[in-house]
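Subject: Model for your review, with notes on its aromatic contacts

Dear colleague,

I am handing over the structure below, and I would be glad if you could look through it alongside my notes.

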Amino acid sequence: MPDLTYAEVGATRDGPLPAGYHHLRHRVRLPEGAFAVAAEAVLTWRLHRTAGVRMRTEATRAAPGVAVTAGLGVGPLRIWGPCEVVWTEDGPERAGFGYGTRPGHPERGEEAFLVSRDAAGHVWFEVVAFSVPDRWFVRAAGPAARGVQHAYAWWLGRTLRRLCAR
């Protein structure tokens, strides 16, 4: 995938995250029986759109190679982040996708959004990411930029819980 801005493509899918990046792992339990609804919300961008993220996508569903540009913020303060879906899963116990940064994104790295069902039948949503700043304003923000990433993961978890409770 030549347009990606990092080398460790697919590292959010399984295993350890690569060294040299800030790592994020946020996990939240979803309501019982919510797997199918949660998986569909993640794979069709509904989660992100419901959370207030502007999503420009080439497809209605996440699939490897699909270009996605996410917009966070309001009006002229909205920051756009071009990405590309690098992997997807859509199975009975695990569903979601990971996307990687493309040129123009304020950071370099990868982020994944996963719904899973454990051996006890509990349903979980997890955001896994590794990234480093790629623009001056993200570097200047320092720890505050990482705080925004963590708050975003928390907000997505809260939003998905609400979607699943309907």
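This is a predicted model: local features need pLDDT of at least 70, side-chain atom pairs count only at pLDDT 80 or more; totals for chains, interfaces and linings use all residues.

Residues are numbered from 1 along each chain as its sequence is written, and side-chain values use heavy atoms, with hydrogens and water left out.

Rings of Phe, Tyr and Trp (for Trp, the six-membered ring) are taken as a pair if their centres lie within 6.5 Å, with planes under 30 degrees apart counted as stacked, over 60 as edge-to-face and the rest as tilted; by this rule there are eight aromatic pairs. In one of them, the ring centres of Trp 45 and Phe 97 are 5.2 Å apart and the planes stand at 75 degrees, so the pair is edge-to-face. Trp 45 lies in the loop between helix 1 (35–43) and helix 2 (46–50), whereas Phe 97 belongs to strand 5 (residues 94–101), so this contact ties together parts that are 52 residues apart in sequence; helices (H or I, at least four residues) and strands (E, at least two) are DSSP runs, numbered from the N terminus.

Trp 45 has 0% relative accessibility and therefore counts as buried (under 20% relative accessible area, with exposed over 50% and partly exposed in between, for a 1.4 Å probe and protein chains only). Phe 97 and Tyr 99 are both buried, and Trp 45, Phe 97, Tyr 99 and Phe 113 form one aromatic cluster.

The charged end of Arg 27 sits over the ring of Trp 124, 3.8 Å from its centre (NZ of Lys or CZ of Arg within 6 Å of the ring centre and within 35 degrees of the ring normal), and Arg 56 lies over the face of Trp 80, at 3.6 Å from the ring centre.
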